[in-house]
Amino acid sequence: MSESFPAHARVVIVGGGIIGCSIAYHLARLGWRDIVLLERKQISSGTTWHAAGLITTLRDSESQTRLANYSLKLYQDLEAETGQATGFVRCGSVQLAMDGDKAEEMRRGCAMARSYGIENYEISPREVQDLFPLAYVDDLVAAFHFPNDGRVNPADVCQALARGARQLGVRIIEQVCVTDVLQERGRAVGVVTPEGAIKAEQVVLCPGMWGHALGRAIGVNLPLQAAEHYYLISEPIDGLHNQLPILRDPGRAAYAREEAGKILLGFFEPVAAPWAVDGIPESFCFDEIQPDWERMEPHIERAMQRLPILFDTGIRQFFCGPESFTPDHNYLMGKAPFVDRLYVACGFNSLGILSGGGAGQVMAQWIADGVQPMDVWDVDIRRLQPHHNNRRYLRDRIVESLGIAYQMHWPHRQWDTARDVKRSVLHDRVAAAGACFGESAGWERPNWYAAGAQSPRYVYSFGRQNWFDNHRTEHLAVREAVGVFEQSSFAKLLVQGRDAERILNRVATANVAVPTGRIVYTQFLNQRGGVEADLTLTRLASERYLLVTPAFTATHVEAWISEQTSSEDSCVVTDVTAAYAMLNVQGPASRDLLNAICEADFSNAAFPFATARWVESGYQRLLAARVSYSGELGWELYIPSEMAVQVYDRLVTAGRAFDLRHCGYHALNSLRIERAFREWAHDMGPCDTLLEAGLGFTCHWDKPGGFIGRDALLAQRERDILRRRLVQFVLEDPEPVLVHAEPVLCNGERVGETTSAGYGHTLGASVALGYVTLEQGVTDEMIAHSDFIIEQADRSYRARASLRPLYDPSGTRARS
Ligand SMILES: Cc1cc2nc3c(=O)[nH]c(=O)nc-3n(C[C@H](O)[C@H](O)[C@H](O)COP(=O)(O)OP(=O)(O)OC[C@H]3O[C@@H](n4cnc5c(N)ncnc54)[C@H](O)[C@@H]3O)c2cc1C
């Protein structure tokens, strides 16, 4: 082998499971040549060979739904193209709801799926039995039929993708394990194997459950952990045939399908068992795990009740295989942060077969263009942070994340496991004030505050949850008096150096060449004008800026700046998040309150909007920044951590005279939606241009050297009448609670969906933001003359739409 072993390739793909083979196939289809795929054992010998092969298209997010839908279409044609059978059967699938809440969740999901063109129908329990006569249906309250869903033989699909790739010139080499990734100056330049090194222009890691260890070896964060994953296969049963639909049965944490005249019954038990936490055996190849009958017995029994004939039929095989799971049940895909030309795709959470086609296509396009072809932030590797890779954290969280797919997806649902990773220095203080915490990027953050004897716990439901009244009090306090938000979780990045201004000016849409003390609201764009980050940037000194961005974007923002910085530049980014607590004081009384506790003048003349300065409060010194994400007058206080408790205590004591309220992230969210302030990853992302997001005003078009994305925006401005724009909505009916991802109809046609939503207590109804796409262009006039409907599950609500903020359109309150 060593003679013919390549020394160079354009792309090296590591791992020959369905994901690696799919990326190789799709890159080759894009016309790429000189691709080498290395597999440590044999093609499909990791997790792929033993998967159940369900291709069910309704997933948790739009991007994952689209990837699954693409896979479905690809797999049905792959046999004809490659000559390799795939076992594809268009059998359809049926989702079963055993209670009203699950039915509501499914109706909401099905409405969204229809807006992406995925056919589905609500059917009665009786109709379920017509489709699958052996099914017990008396406990069902609703069911949903997806007639186009299908199933495949995963090992065969993997072989078909490998064959298709080979036919297009890809070289697949088995029995070669990659031990290292060669890196030079922050760039991947090849791989190391026992057979020798291969120099490469791009490296793509698709190592499945081996990803965590490989990532640690090469210094890249790949937080995933293998867990036991089960199905059983019954003895043959008369009358079964391959057109029987897949049954997805969340109430019994199970799914079922026909398998060669038998039943395959699979499990997503709510408390899972991590596997091989100390490392996967080197010899692992087409292996399975000894099943834990005792642990699984109650789950088997409960699942069998759906097909009672199984109680009288023998079990031919009880199969346990490992699959990798991630902390948030979303896979790890895209460009690795901090290492140029290194891509990853692994951690597929038992969705690798149904996602494999789409993931391969998106990854190939991403590698070819350097920019993702669609918004996949929910699975983007750059959402993750170092703490996610902690072994104990992974082991504890994976216990919960395996089963999550089949549990209730309540609005605002919080994880139960692996909590309390990061606490602000004010945590105990706000806990004592009644905070109900939610988690973001490992931080415990107050989402809302309990009142009096109320317990600070979520009671989940659709519609108004138990914190609805608390939320109203907090929301109105900020509009009418003053509220304090504990926002220490916000990422704070110091960008320093001689070249800091030049680099930031190239990256940011706004002009950052501003005097010291000025705050600039800006975005980072990709070459297509898509929004990669949304942040504020404060000039602290001639060679020092403070960037503030939501906690979950910290890795992405830091990596983005580092990508634009060469080794010759004098520009260093330092994450100082932990060094500063942040209290955000918002509301018309905020000026008087801050004047009462600080030795400074907070008047309009002395402290104008979008400026920041160091002020003293007692013995403490803090940076006060006059900005507003609530739409009201207010200041963000960045306080050195060791001084934060003292300032907090002083603020709260003085605040009694001003009716100061503790307010949580739910209130901040509804306040900003009323004011039509966008949130990155919800209302804009890499595939939404700045003009579509309605933030063109941040651009300094003529600054010397321009900015990344400027040409794309100018081209769009010239050729387009903006067919797609972010629009604000308020429901006419004050009762419903929108959450996001609801279809939007304009004059009876589906034109988009909501991207964020909440209850707007000032406007008196649910408010939302969402993209509208119309061939004739989205203009004020067209909006004024159109009827808008927002759908939720099977209900339709009339909505008022606007391109200008419905609350304080001129923005005078924050500048008052
Ligand atoms: C019981 C069970 C049922 C499932 N059912 C379904 C289903 O119905 N639908 C669905 O969509 N998904 C299902 N899955 C999940 C699906 O099997 C996986 O998500 C998918 O196979 C993952 O593919 P992969 O390519 O990422 O990983 P793998 O198939 O594990 O491939 C990774 C490959 O990389 C190789 N490799 C690792 N490290 C190196 C290295 N350093 N050098 C060279 N090669 C390396 C490995 O040998 C392996 O072959 C199921 C999983 C299980 C366990």
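Asp808 is buried, at 12% relative accessibility. This is a predicted model, so keep that in mind throughout. Where does Asp808 lie? In the segment after strand E37, which spans 795-802. Its backbone deserves a look too. Phi of Asp808 is near 45 degrees, a positive value in a residue other than glycine.

Ala418 sits in the loop between helix H9 (391-401) and helix H10 (427-432). Buried or exposed? Ala418 is buried, with a relative accessible area of 17%. The cut-off for buried is under 20%, so Ala418 at 17% falls inside it.

Now step back to the whole chain. How many helices and strands are there? The chain has 18 helices and 37 strands. Along the principal axes, the C-alpha atoms fill a box of roughly 80 × 65 × 55 Å.

Burial next. Of the 816 residues, 62% count as buried. The accessible surface comes to about 30000 Å². Carbon and sulfur atoms account for 48% of that surface. Contacts now. Take those between residues at least 6 apart in sequence: 72% of them join residues at least 24 apart. On charges, the chain has 80 positive and 100 negative. Their mean positions are 5 Å apart.

On to cysteines. How many disulfides does a search of the whole structure find? The count is 0. Take Cys158. Its closest cysteine sulfur is in Cys21, 3.9 Å away. A disulfide needs sulfur atoms within 2.5 Å, so that pair is too far for a bond. Cys158 is buried, at 0% relative accessibility. Cys571 is buried as well, with a relative accessible area of 11%.

Next, a few individual sites. Start with Ile35. Ile35 is in strand E2, residues 35-38. At 2% relative accessibility, Ile35 is buried. What does Ile35 touch, beyond residues up to four places away in sequence? The list is Val11, Ile13, Ala24, Leu27, Ala28, Val170 and Arg171. Ile35 and Gly169 are 134 residues apart along the chain, yet their C-alpha atoms are separated by 7.6 Å.

Thr179 is next. Thr179 lies in the loop between strand E8 (171-173) and strand E9 (180-184). Thr179 is partly exposed, at 44% relative accessibility. Setting aside neighbours within four places in sequence, Thr179 is in contact with Val192, Thr193 and Pro194. Phe338 is 159 residues away from Thr179 along the chain, and the C-alpha separation is 20 Å.

Ala197 is in strand E11, residues 196-205. Ala197 is partly exposed, with a relative accessible area of 41%. Its contacts, not counting residues up to four places away, are Pro6, Ala7, Leu182, Val191 and Val192. What about distance to Tyr797? The C-alpha atoms of Ala197 and Tyr797 are separated by 61 Å, and the two residues are 600 apart along the chain.

Then Ala612. Ala612 is found in strand E28, residues 612-617. Ala612 is buried, with a relative accessible area of 9%. Leaving aside neighbours within four places, it is in contact with Gly517, Ile519, Thr538, Phe607, Leu623, Ala624 and Ala625. Ala612 and Glu636 are 24 residues apart in sequence and 9.1 Å apart in space, C-alpha to C-alpha.

Last item: helix H12, residues 500-507. Which of its residues are buried? They are Ala500, Ile503, Leu504, Asn505 and Val507. An α-helix has 3.6 residues a turn, so residues three or four places apart point the same way. What do the buried residues of H12 pack against? Three strands come up: E22 (491-496), E23 (519-525) and E25 (544-549). Helix H13 (554-563) is also on that list.

Conventions: Residues are numbered from 1 along each chain as its sequence is written. This is a predicted model: local features need pLDDT of at least 70, side-chain atom pairs count only at pLDDT 80 or more; totals for chains, interfaces and linings use all residues. Side-chain values use heavy atoms; hydrogens and water are left out. Helices (H or I, at least four residues) and strands (E, at least two) are DSSP runs, numbered from the N terminus. Buried means under 20% relative accessible area, exposed over 50%, partly exposed in between (1.4 Å probe, protein chains only). Contact means heavy atoms within 4.5 Å. Accessible areas come from the Shrake-Rupley method with a 1.4 Å probe; for residues, only the protein chains shown count as cover. Lys and Arg count as positive and Asp and Glu as negative; His and the chain ends are not counted. The place of a charge is taken as NZ of Lys, CZ of Arg, CG of Asp or CD of Glu.
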